[in-house]
Amino acid sequence: MGKQIGGAFIKFPETAKIANAVKDKGVSELIHQWKEGMKKKGYPARWGDEVEYMILKFDDTNERVEVTLEQTTILKGLEEMVDAAMEKGRPVSQQDPGVTAGYTPEFAAYMVESEPNSPYGSSVSDLLKVETNMFQRRKAIKAHADTGSWPFTLSMFPGLKADYNSKDPSELEIDEPLASQEVRFKAADSNIRSRRNDEGVAKVPLFVDINTLSSKGSFPSYIDTDTKSVLLQDESILFGPGHCGFQITFGAADEDDARRLHDQLIPLGPVMLTLTASTPIYRGFLVDTDVRWKQIQYFVDDRTKTEREQEAKTDYDAVTGPRWSTNNTYIANDPRLHPEHQKSQLQVNEQVQRRLEEEGMDSILAKHFAHDFLRDPIVMSEEDIKEHSTKDEEPALPNESHDASVGTDHIDAIEGTLYPHVRFKVPPANDPRIGYRVEFRPMETQFTDFENAALSIFLRLLTLALRKSDKDMYVPLRVVYDNMEKAHPRDAVRSSKFLWRVDTKEHSGENGAEQRNGDSGEADVVPMKIDEIFNGSSRHRGLLDLVYEYMESEGYTSTQRQQLEPYLDLVRGRSDGTLATAARWMREYAQGHEQYRKDSYVNAKICYDIMSEVRSMMNGERENGMFKRCIA
């Protein structure tokens, strides 16, 4: 969350005083990166994942479970483990993947993030390594946790800041002890809240069961019975980046390849969020939504109340929006990209756009970055402010002599605290190993390594299929935004309809490559349920159809297809409704529990039992409803 910084951080509004100078140097760095990036061509289609874990501690004697703040000790143990392994001199390829993986802190002190030591390739053998790699990383984290503590790939712990153990619920509003002591996280927390400058409250719709309203006299203070909401207070941004996430980054051959892939992935965001829904409980209460998206969006939003209210009255096409959002731009040089697909009134930093275009960047990409440069930096160190300030502490003039080739601190200060659901990554100029990349960000973490691997493998195969077919995925960005809204309701995977571009075989040319023409094809964008989007119908070729066609065209053997089938079958079952999402399973388990009183309340015992079942699934047990087919 933001660039890595050392020492003390600068608090808002001091960061605002140097914002223009930081932007100026950030643009210089961007131009240097981009020009060097144009030389980077022919990179292999490598990719990798980032998985965030939530550490939970079980008291099996008293049947209780809670988050445990072991980030520092776990990371210290993992660092020592990696160092010891490297000292033995064995090649990385001969090491246990869990030993050589990358481990980093995340926002909350109960969180740890991991990624593979090196990217995966796209061969079947590499795809089949993913689940084992994830398993070994989880195993390594578990080995350095306290006795009774477990690393969960869980979007949100159902009992986080519930009233299970406190007689005074107001005591639960103090989030500071739960936050990581990493400086960049403290800076983001402090400066987002300071710039926002109000005591906001996120309201998550409460699931109203048959006894809910009759029980309201016994509700804790964070249940608003008037609005039927669970209140997430804003003393910290914990209920934003304190969720666990799951991202996949895809390498591209060059800039044009990355820009096409970026645009193809944008419409996929809402449907993949829906497919991975896993957040049905907050603070010990069932809610009427299944995903975390809006909660994170709210808590990393640094706009003032006036700015938010003003934008709420503004047409979507002119809204800048929060830092965490659906994408505001398509960026490919594609004749199928039409003005009606873009925001018609996109707000930009005109000075930045002009400067980028003067340096040779095309207007589509220049607008993309100029829009990002509307934002001020929020994560800065004292060294940054010394660099940009004069002795009388007034902001320095832009430093034209800045050597943009020596780092990326300034561009990272801007781009690193913006969270589009698909991120376009210009490669670092000083690392020839890294080419253009595209990060896919909307998915929720799943309980098991098998599920997370299945989604990763599906997306890798789908991106390869999209690249080969050059499929037209364009729908207006307004539609993507609306589809993200449709991903939130309870059981949206079975109930919501999303606007989606119909894909028929008649649209394809030779070898499956999609024909290009000047028609925007908006008549082909129609409402579909998740089942049809993924599994197809008489009128539509589904996403899984594309994957199977790709495997056939690439000559995958029957053995290889059989090895990949369990992963693709999970995607099929989730999308057709015969396999429950994590959100649906947790909700149904809670409602079927012997202690559930049909009052929306998930008490400590129910929470413990849910997490115990998830722990069993993590350990390989598949004998419950989560992995059994049911009626859609």
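Predicted model: local features only at pLDDT ≥ 70, side-chain atom pairs only at ≥ 80, totals over all residues.
User: Is Tyr316 buried or exposed?

Analyst: Residues are numbered from 1 along each chain as its sequence is written, and side-chain values use heavy atoms, leaving out hydrogens and water. Buried means under 20% relative accessible area, exposed over 50%, and partly exposed in between (1.4 Å probe, protein chains only). With 12% relative accessibility, Tyr316 counts as buried.

User: How many aromatic pairs does the structure hold?

Analyst: Rings of Phe, Tyr and Trp (its six-membered ring) pair if their centres lie within 6.5 Å; planes under 30 degrees apart count as stacked, over 60 as edge-to-face and the rest as tilted. By that rule, the number of aromatic pairs is 23.

User: What kind of pair do the rings of Tyr316 and Tyr481 form?

Analyst: Tyr481 is partly exposed, at a relative accessible area of 34%. The ring centres of Tyr316 and Tyr481 are 5.2 Å apart and the planes lie at 40°, so the pair is tilted.

User: Which residue has its charged end over the ring of Tyr222?

Analyst: Tyr222 belongs to an aromatic cluster with Tyr164, Phe219, Phe285 and Tyr601. A charge sits over a ring if NZ of Lys or CZ of Arg is within 6 Å of the ring centre and within 35 degrees of the ring normal. For Tyr222, the charged end sits 3.8 Å from the ring centre and belongs to Arg283.
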